[in-house]
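Here is a walk through one protein model. Keep the sequence and the 3D view open as you read.

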Amino acid sequence: PTAPAPLPALLQPALRRGDLLAALQQATHGDTSCVTRIELDVAEARWRERTAEVDGVGSQYSAAAPPQPPQSGASVIAAPGASTESNQLPNRDRLPLWVQPMIRDQPPDRDQPSNWEQLPAWKELHLRLRQSRLLPIISVDRPSDAVPLARALAAGGARVLEVVLRTPAAAEALGQIVEQVPELMLGAGTVLTIEQAEDALRRGASFLIAPGLSPALVAWASSHGVPLLPGVATPTDVTTALGLGLRTLKFFPAAMLGGPAMIKALAAPFPQVKWLPSGGIGADTAPSYLALPSVLAVGGSWLAPADAVSARDWEAVARAARQAFTAVSALAAAPE
């Protein structure tokens with residue numbers, strides 16, 4: 001019989017990614033929701049670098065040789081002796097080195113926080129938000145305002161603070177607050193890129209908040225052990241975030257997306273999620289969010305009134321913050 005024609009060059013990468021995905025599915029007990037695009041990209045990059053560790057794969061996809069079919073019932077990169085059943089673990093020691101870290105000892109538990117959220121920085125952030133119930137969000141236009149504004153909020157009862165990276169002065173302001181107001185746990189908000197995240201950490205930020213869900217940013221934060229609260233708006237976003245190992249999410253922009261009613265609706269299919277709603281929330285609506293057991297805390301800029309900040313009336317800022325924290329102090333702390 002005539003030998004099969006070589007696979008067209010354009011289809012070779014697709015076949016390779018399919019084989020890699022099959023191997024990653026086997027490594028995660030066949031749970032495809034555990035295999036992210038990032039993992040697949042990393043696997044392919046490592047495959048290119050270390051083809052020699054996987055017997056025969058390199059020749060299969062070379063332009064000079066036609067692709068050979070994998071062994072019956074087995075993925076191309078499954079090691080000899082590895083089980084081909086998706087509900088059984090392959091022999092970790094027989095797999096290529098770069099595949100071994102992907103093997104889970106047990107199937108993932110979707111109802112439990114990931115190891116990432118068990119790190120001390122996450123626990124400290126959860127504790128402070130759970131106790132204070134409010135996260136002041138500030139935008140700094142003048143670097144000289146940063147420290148007095150932060151001190152005024154701390155005097156009013158704040159324990160956590162978010163500085164949004166929306167102004168040219170934001171990065172400098174973040175660094176100044178870290179150095180001079182150490183009693184506050186400081187986070188960088190509106191983080192859109194890994195470069196912004198790296199700069200925020202260099203300046204001393206303890207956590208990151210993003211307006212949307214970026215798998216690349218989540219992967220970076222997870223690999224560095226940094227708490228990241230990405231913004232989500234739909235059940236699809238939440239499902240993706242859970243697959244990335246997150247259980248604490250920002251609901252943004254909360255008021256425009258349905259407010260407390262929407263969070264209550266999302267809590268039914270996603271009871272493991274703790275929420276930090278922000279966007280369009282004020283002193284009059286915050287209690288309705290905080291009454292929901294799934295809400296960890298509420299973020300808002302009303303805690304630092306814009307007119308008082310513009311006038312540099314720090315006493316007025318402290319007074320407004322004190323009133324807000326007093327108003328929510330009667331509410332029960334968020335459950336752990």
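Start with the overall picture. This is a predicted model. The protein holds 13 helices and 8 strands. It has 336 residues, and 46% of them are buried. The accessible surface comes to about 15900 Å². Carbon and sulfur atoms account for 55% of that surface.

Next come the helix pairs. Two packed helices are described by the angle between their axes and the distance between the axes. Look for both values in each pair below.

Begin with α5, residues 146–155. One of its partners is α13, residues 314–329. Their axes come within 7 Å and cross at roughly 35°. The crossing of α5 and α13 is right-handed. On the α5 side, the contact uses P148, L149, A152, L153 and A155. On the α13 side, W314, V317, A318, A321 and R322 take part.

From α5 come A146, V147, A150 and R151. They meet A173, Q176, I177 and Q180 of α6. The contact of α5 with α6 divides into 5 nonpolar, 2 polar and 1 charged residues.

Move on to α7 and α8. Helix α7 covers residues 194–202, and α8 covers residues 215–224. Their axes come within 10 Å and cross at roughly 30°. That angle makes α7 roughly parallel to α8, because angles under 35 degrees count as roughly parallel. The crossing of α7 and α8 is right-handed. In α7, the contact residues are I194, A197, E198 and L201. In α8, they are A216, L217 and W220. This contact holds 6 nonpolar residues, no polar ones and 1 charged.

Now turn to the loops. Most residues other than glycine have a negative phi, and most peptide bonds are trans. Some places in this model depart from that pattern.

Which two residues does a cis peptide bond join? They are F252 and P253, with omega about -10°. P253 sits in the loop between β6 (248–251) and α10 (259–267).

T190 has a positive phi, near 55°. Find T190 in the loop between β3 (185–189) and α7. Is T190 buried or exposed? Its relative accessibility is 13%, so T190 counts as buried.

R312 also has a positive phi, near 55°. This residue lies in the loop between α12 (306–310) and α13. R312 is partly exposed, with a relative accessible area of 39%.

Take P211, in the loop between β4 (207–210) and α8. P211 is partly exposed, at 26% relative accessible area. Leave aside its neighbours within four places in sequence. P211 is then in contact with T190, V191, L192, G231, K250 and F252. Among these are T190, with its positive phi, and F252, from the cis peptide bond. P211 and K250 are 39 residues apart in sequence. Their C-alpha atoms are 7.8 Å apart in space.

The other loop residue is R142, between β1 (134–138) and α5. R142 is partly exposed, with a relative accessible area of 30%. Again, do not count residues up to four places away in sequence. R142 then touches A169, V309, S310 and R312. R312 is the residue described above with phi near 55°. R142 and A170 are 28 residues apart along the chain, and their C-alpha atoms are separated by 8.6 Å.

Conventions:
Residues are numbered from 1 along each chain as its sequence is written. This is a predicted model: local features need pLDDT of at least 70, side-chain atom pairs count only at pLDDT 80 or more; totals for chains, interfaces and linings use all residues. Side-chain values use heavy atoms; hydrogens and water are left out. Axes are lines fitted to C-alpha atoms, for helices over the stretch in contact, and angles run from 0 to 180 degrees between N-to-C directions. Helices (H or I, at least four residues) and strands (E, at least two) are DSSP runs, numbered from the N terminus. Angles under 35 degrees count as roughly parallel, over 145 as roughly antiparallel, 65 to 115 as roughly perpendicular and the rest as oblique. A crossing is left-handed if the near helix is turned anticlockwise from the far one by less than a right angle, and right-handed if clockwise. Contact means heavy atoms within 4.5 Å. Ala, Val, Leu, Ile, Met, Phe, Trp, Tyr, Cys and Pro count as nonpolar, Asp, Glu, Lys and Arg as charged, and the others, Gly among them, as polar. Buried means under 20% relative accessible area, exposed over 50%, partly exposed in between (1.4 Å probe, protein chains only). Accessible areas come from the Shrake-Rupley method with a 1.4 Å probe; for residues, only the protein chains shown count as cover.
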